[in-house]
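Please look through the sequence and the structure shown here before reading on. The questions below are meant to be worked through one at a time.

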Amino acid sequence: MILLRQLLGDVLRRLRVRQGRTLREVSTLARVSLGYLSEVERGQKEASSELLASICGALGVPLSQVLREVSDQFALAELQAAPVLAEVPEHERLLSETVPGPMSDSVFPEVKDMVAA
């Protein structure tokens, strides 16, 4: 299972390391304990929105940028975990293979009416 707190911690750590900053420096600027910041970066603690804003401020990065990076990584992780066609149950594969492409009047007329509405 993909944990949001782990992806968030990874992004925060990567930003800090890319800037060449230490945990101590960022924790001091963000006014959060060194241990707590370390736990957030390791994905062991859920950071509040206030704490995230403070950490982002200390890193000089907008919170929206951090959340965007986390969202992109989350989407990528979901795609990698998505089932492939071979894992789709046989009855669902058979249904998709037997339903014609374009809807005719004789196939699911109530669905066609709902789509047209």
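The following questions and answers concern a predicted model.

Q: Which element has the highest mean pLDDT and which has the lowest?
A: The protein as a whole averages a pLDDT of 81, and 70% of the residues score at least 70. Over residues 101-112, however, pLDDT stays under 50, and the model has 7 contacts beyond four places in sequence for that stretch. Where pLDDT is low, the predicted coordinates should not be read in detail. Among the elements, the highest mean, 98, belongs to helix α2 (residues 23-30), and the lowest, 47, to helix α7 (residues 109-116).

Q: Are α1 and α4 roughly parallel or roughly antiparallel to each other?
A: The axes of helix α1 (residues 4-18) and helix α4 (residues 49-59) come within 10 Å and cross at roughly 20°. Because angles under 35 degrees count as roughly parallel, α1 and α4 are roughly parallel to each other.

Q: How many nonpolar, polar and charged residues does the contact of α1 with α4 have?
A: On the side of α1, the contact is made by Leu 8, Leu 12, Leu 15 and Arg 16, and on the side of α4 by Leu 52, Ile 55 and Leu 59. Since Leu and Ile count as nonpolar and Arg as charged, the contact has 6 nonpolar, no polar and 1 charged residues.

Q: What percentage of the residues in the protein is buried?
A: Buried here means under 20% relative accessible area. Of the 117 residues in the protein, the buried ones make up 24%.

Methods:
Residues numbered from 1 in each chain as written. Predicted model: local features only at pLDDT ≥ 70, side-chain atom pairs only at ≥ 80, totals over all residues. Heavy atoms only, no water. pLDDT = per-residue confidence, 0-100. Helix = DSSP H or I, 4+ residues; strand = E, 2+ residues; numbered from the N terminus. Contact = heavy atoms within 4.5 Å. Axes fitted to C-alpha atoms, helices over the stretch in contact; angles between N-to-C directions. Parallel < 35°, antiparallel > 145°, perpendicular 65-115°, else oblique. Buried < 20%, exposed > 50% of the residue type's maximum accessible area, 1.4 Å probe, protein only.
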